[in-house]
Amino acid sequence: MKDSEEAVSGYLDRHPYLASVAGFSQQHTSISTYSATTVVRAPEAVVRGRWSPAVEGFAGEELLLNHRRSNRDLGMQLGVSRYYAHDAVLSTAHSDLRERLDAAIALPEHRRLKTGLSSTVMSRRSGRGFSGKPATLDELATVLWHGQGISGSLPVPTAQDPDAAVPLRNSPSGGGLYPIRLGVLAQHVKGLAPGAYEYQPHSHTLHPVRPTPTPVGLADHLWTADVELDKVAFALVYLYDMYVNTQKYGDSGLVYALIEVGGISQNVHLARTALGMIACDQGGYDKQQLEKTMGYDGTSRHVVHFTLVGHGEV
Ligand SMILES: Cc1cc2nc3c(=O)[nH]c(=O)nc-3n(C[C@H](O)[C@H](O)[C@H](O)COP(=O)(O)O)c2cc1C
């Protein structure tokens, strides 16, 4: 404000891109009275419409507005304290019983990756140039284990089961409830028939999803302009069963689940980087189609993330 008009226009002349930057930012504060009636509600139109009282907002904004946490929130305290009861503790300790061992496919033990952490973190880049080279079962197992595998346990002795212990995984989870599961759409994995599977961390197996679409037909499950989908070795589908953690955390359950997806995803990316593989997260997936393929209802059980993995061109 202290600058003279001359100084400001001189500054703008030296930095001509500023006009575009300001223009773009202002789009989000201008009011469009039509954004409620527009057929295609692009995010930009929704954000603009927020300034008009007649318009509904993002579902995400509703969640954030209602997601108020404080020590005085009795509902949250009650939900959490319920999980200290012996039946809740025991059911968490024995979550392995939920795995389907009939027709389960055993995975080889994960590889121990020796690459340095800093260099792996720094060389992790999203890659889109898949070569079509198949992944090995050992590579798939190593990626899955680093994302979700069991690597520890927390003793929770109860009168009914003095040896009870909650199996702990390689990625953190609110209350050790692990509401995220990893689905696999296999296209080119040596020793594994193409199809849809779910990773079972306790038994380190794959459960075939029925009916298994063969081949998977990745092009029916996402839209991308940059990837030759038939050259992807496998895709990972992040699945969220909201009743697993909302019974304890209410609306925070979704927030925690999305944080957990990030943790699992980073482990997946670091493991595939150390294995010399490429991968690219995909935001443009067809949620309903993926849910249909994975046998998820899209009501309480949702697809929340999607990643393509394989070998790159050399
Ligand atoms: C949630 C999420 C969704 C993404 N969606 C896409 C996508 O649809 N297509 C794509 O090519 N890359 C996608 N990416 C990858 C980003 O473009 C990439 O991470 C970003 O450009 C940074 O580059 P880097 O991962 O190579 O460091 C996505 C990444 C995340 C985390």
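User: What makes the pair Arg100 and Asp102 a polar contact?

Analyst: This is a predicted model, and the distance is computed from it. The side chains of Arg100 and Asp102 approach to 3.2 Å. A polar contact requires a pair of N or O atoms within 3.5 Å.

User: Why is Arg100 called partly exposed?

Analyst: Arg100 has a relative accessible area of 44%. Buried means under 20% and exposed means over 50%, with partly exposed in between. The value of 44% falls between these limits, so Arg100 is partly exposed. Arg100 is found in the loop between H6 and S1.

User: Which residues does Arg100 contact beyond its neighbours within four places in sequence?

Analyst: They are Gln200 and His207. Arg100 and Gln200 are 100 residues apart in sequence, while their C-alpha atoms are 8.1 Å apart in space.

User: What is noted about the phi angle of Ala103, and where is this residue placed?

Analyst: Phi of Ala103 is near 65°, a positive value in a residue other than glycine. Ala103 belongs to the loop between helix H6 (86-93) and strand S1 (105-106). With 45% relative accessibility, Ala103 counts as partly exposed.

User: Is Tyr178, with its relative accessible area of 12%, buried or exposed?

Analyst: Tyr178 is buried, because its relative accessible area of 12% is under the limit of 20%. Tyr178 also has a positive phi, about 50°, although it is not a glycine. This residue lies in the loop between strand S3 (165-169) and S4.

User: How do you know that Thr142 is buried?

Analyst: The relative accessible area of Thr142 is 0%. Since buried means under 20%, Thr142 counts as buried. Thr142 has its place in helix H8.

User: What does the side chain of Thr142 meet, and which residues does Thr142 touch?

Analyst: A polar atom of the Thr142 side chain lies 2.9 Å from the backbone nitrogen of Arg111. Not counting residues up to four places away in sequence, Thr142 touches His110, Arg111, Leu113, Ala271 and Leu275.

User: Which residues does Leu140 touch?

Analyst: Leaving out residues up to four places away in sequence, Leu140 touches Val184, Val189, Leu192, Leu206 and Phe234.

User: Where is Arg69, and what does Arg69 contact?

Analyst: Arg69 is found in the loop between helix H4 (59-66) and helix H5 (74-82). Apart from neighbours within four places in sequence, Arg69 is in contact with Met76, Tyr249, Asp251 and Ser252. Its relative accessible area of 35% makes Arg69 partly exposed.

User: How do you know that Arg125, Ser126 and Arg128 are among the residues around the ligand?

Analyst: A residue is near a molecule if one of its heavy atoms lies within 4 Å of it. An oxygen atom of the ligand is 2.9 Å from an N or O atom in the side chain of Arg125. The corresponding distance for the side chain of Ser126 is 2.5 Å, and a polar side-chain atom of Arg128 lies 2.6 Å from a ligand oxygen. The protein buries 53% of the 620 Å² that the ligand exposes when taken alone.

User: How do the residues of the shell around the ligand divide?

Analyst: The shell has 1 nonpolar, 5 polar and 5 charged residues. Among those around the ligand are also Arg124, Asp226, Cys280 and His305.

Key
Residues are numbered from 1 along each chain as its sequence is written. This is a predicted model: local features need pLDDT of at least 70, side-chain atom pairs count only at pLDDT 80 or more; totals for chains, interfaces and linings use all residues. Side-chain values use heavy atoms; hydrogens and water are left out. A polar contact is a pair of N or O atoms within 3.5 Å; within protein, one must be able to donate a hydrogen and the other to accept it, and residues adjacent in sequence count only if both atoms are side-chain atoms. Accessible areas come from the Shrake-Rupley method with a 1.4 Å probe; for residues, only the protein chains shown count as cover. Ala, Val, Leu, Ile, Met, Phe, Trp, Tyr, Cys and Pro count as nonpolar, Asp, Glu, Lys and Arg as charged, and the others, Gly among them, as polar. Contact means heavy atoms within 4.5 Å. Helices (H or I, at least four residues) and strands (E, at least two) are DSSP runs, numbered from the N terminus. Buried means under 20% relative accessible area, exposed over 50%, partly exposed in between (1.4 Å probe, protein chains only).
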